[in-house]
Amino acid sequence: MTRRNNRKGAPVWSGRPYPLGAVPDGEGTNFALFSEVAEHVELVLVDDAGRHTGVPLTEVDGSVWHGYLPGVGPGQRYGYRVHGPWAPEAGHRCNPAKLLLDPYATAVDGQIDNHPSLYERRPDGPDRADSAGHTMLGVVTDPAFDWGDDSRPGRSYADTVIYEAHVKGMTRAHPDVPAELRGTYAGLAHPAVVDHLTSLGVTAVELMPVHQFVQDGVLQSRGLANYWGYNTIGFFAPHNAYAAHGTRGQQVTEFKTMVRTLHEAGLEVILDVVYNHTAEGNEKGPTLSFRGIDNSSYYRLVDGDWSHYYDTTGTGNSLLMRHPYVLQLIMDSLRYWVTEMHVDGFRFDLAATLARQFHEVDRLSAFFDLIQQDPVISRVKLIAEPWDVGEGGYQVGNFPQLWSEWNGKYRDAVRDFWRAEPHTLGEFASRLTGSSDLYAHSRRRPRASVNFVTAHDGFTLRDLVSYNDKHNLANGEGNRDGESHNRSWNSGAEGDTDDPSVLELRARRQRNFLATLFLSQGIPMLSHGDEVGRSQRGNNNAYCQDNEISWIDWRPTDEQRALLDFTRRVIALRAAHPVLRRRRFFRGESARRAGRHLPDLAWLLPNAEEMADDDWQRSDAHSVGVFLNGDAIAEPDPRGRRLVDDSFLLLLNSHWEPVGFRLPAAVYGERWTALIDTTDPDGVPDESEHKAGTRLTVGPRSLVLLSRPSLTAK
């Protein structure tokens, strides 16, 4: 390396242009920053007293400015000042008065305070107010960590049950977690939480954003917070507010410890990642990092008006998905979280935006090509939120073969069926059996569908059955925010009530949704707290509620404990029976077993006759029986052996009156054992065994699940 001196006399060597970011080697640290618009780049070191030392980076290769500083190591705070053109009309917004965060920083110290110096307030030129002291700083981190014998659980998609969770909301009010650990990575890894997850039967924890995010000044002025975290500024850094013991890199160690602990319990860790936009917003937003480093390279600007941002995310900006350094940033970030942080997969927020290489959503865009060929990222779980707010942004069913998708059509169809909406049975049947209509055409399998009834965005499960309308006044937007069409029903009273009939119906409907979710083909996803009846008091957009509205209340009532027990039972049932989690779609084909010809799947009317085409078209079709043949599973087991299982009969009645179902003829099974009846407060049937041809009454708005042993010896 060539050695140079900075203006303070401290040594600076030429260093290397790769890898980007701040990389220590035990003797010093290499710093590298991409900017093709910069004319001069200054690295700023910040000591514990807040004193700044400027170090000019004079070496530049391929638009990467770099230098090596001997003696600089982990714990060092730093930022950048980028000198270059201020020409918004040309897309350039360089301003050396703004201290900028390294996009590749692996840890971040501090949070912005929304001081005026963070913004460009002058219409005629750059604002000269220095943002130092009001913004975040990067921290050099030590990559060393004792992973021990950590290994990835490696769950197959068919065996996966996802639990969507918020790091803080999971433990902020947990009485068994020490107070100093509540709301942190360490709190999530506490034995009380891990025991809850493992006893529940989930296999993967999908964490809402943990990349370093920014607090919104507008929300803070209303006494609120960016609670969900979809406001990323650091794609390599775990959010520092979730660390229990400091932010000078400790958050990295605590995150790794959490992952190692969850892996030891057999739980995968999936991250909800936000690569579609950043926290800098539009031209009125703060200058924190990308905007001041190279605005026109990182962001998509309006054609013909480069002073404004093209926005398909509803947040002010969109990353420029055709720029090679943007694509490199995302791929480097993904690899870092897999290789260095040991995560097991990603859920991509507003993933349709990532497919917009130009304007339209293109499943063959450069981003998907890179994912497909990458030997690291292509091997982990990849889940798309398959929409954005731009034109043509709803892309459920259209992502490439490697990907699974949040199936919004599943959510809507299941909600409508259990509300007894007309003409819903046909689509409900498709969703229950894995949505082959959405995925089979591209040779995808049931694993493509991540099934959910509720998620962080929208009503909780308890609120879904307790409110007709959103109640978002606490958000300070006059109840204008949030979805207005929720496909919800309050069960007879809006919100809190002491009417026992309403409460009983709400409990039953929650059991219906949970049973449907875990008895559907595909990958089920449970939203955190739904298993204990978490309520947000009717708020369906609690993104800004960092308080009891959003946190899980770990003091469940007897009714909520019963719901938890029911959830455990139905998840365990799914885990025990491969016919409930098939790897391939049903084909409607018959299989000869024990002298009988039975299809792998059959749809039955309440009178036990098979459904005909006209039956699916009836507007008042609210009741159906589903035969799942455990002797006709198409795929082999993991060792290549023929797979057989018990067979099941699922009787569904979304009608508001009880319906009598006749059990099918003995060819389907001579005796059936009832396993679930959602009319019971515990979901346990009163009568366990039923003979073929007999009549079984299924209560109003309820379901019954029956089973019989395989007809083929295992």
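The contact is made by Lys409, Tyr410, Ala413, Val414, Phe417 and Trp418 on the H9 side and by Leu425, Glu427, Phe428 and Arg431 on the H10 side, with contact taken as heavy atoms within 4.5 Å. Sorted by class, this H9–H10 contact holds seven nonpolar, no polar and three charged residues. (Ala, Val, Leu, Ile, Met, Phe, Trp, Tyr, Cys and Pro count as nonpolar, Asp, Glu, Lys and Arg as charged, and the others, Gly among them, as polar.) The axes of H9 (residues 408-418) and H10 (residues 425-432) come within 9 Å and cross at roughly 130°; such axes are lines fitted to C-alpha atoms, for helices over the stretch in contact, and angles run from 0 to 180 degrees between N-to-C directions. H9 and H10 are therefore oblique to each other, given that angles under 35 degrees count as roughly parallel, over 145 as roughly antiparallel, 65 to 115 as roughly perpendicular and the rest as oblique.

This is a predicted model, in which local features need pLDDT of at least 70 and side-chain atom pairs count only at pLDDT 80 or more, while totals for chains, interfaces and linings use all residues. Residues are numbered from 1 along each chain as its sequence is written, and side-chain values use heavy atoms, with hydrogens and water left out. Helices (H or I, at least four residues) and strands (E, at least two) are DSSP runs, numbered from the N terminus.

Next comes H14 (residues 558-576), which packs with H13 (residues 500-518) at an angle of about 20°, the axes lying 9 Å apart. H13 and H14 are therefore roughly parallel to each other. Residues in this contact include Leu503, Ala507 and Leu514 of H13 and Leu563, Phe566 and Val570 of H14. The class count for H13 with H14 is 10 nonpolar, two polar and three charged residues. The crossing of H13 past H14 is right-handed.

H14 also meets H3 (residues 191-200): their axes come within 8 Å and cross at roughly 55°. That makes H3 oblique to H14. Here His196, Ser199 and Leu200 in H3 touch Leu564, Thr567, Arg568 and Ile571 in H14, a contact that divides into three nonpolar, three polar and one charged.

H13 and H14 turn up again around the second largest pocket, as both give two or more residues to its lining, along with H12 (461-464). H13 gives the most, with three residues. Of the 25 lining residues, Arg462, Gly533, Ser535, Asp553 and Gln560 lie nearest the centre of the pocket. The lining splits into seven nonpolar, eight polar and 10 charged residues.

As for the backbone, a cis peptide bond joins tyrosine 18 and proline 19, with omega about 0°. Proline 19 sits in the loop between S2 (11-13) and S3 (21-24). Leucine 350 is not a glycine, yet has a positive phi of about 45°; leucine 350 belongs to the loop between S21 (345-348) and H8 (366-373).

Terms used
Left-handed = near helix turned anticlockwise from the far one by under 90°. 1 Å grid on protein atoms, 1.4 Å probe; cavity = no way out; pocket = protein on both sides within 12 Å on 5 of 7 lines; lining within 4 Å.
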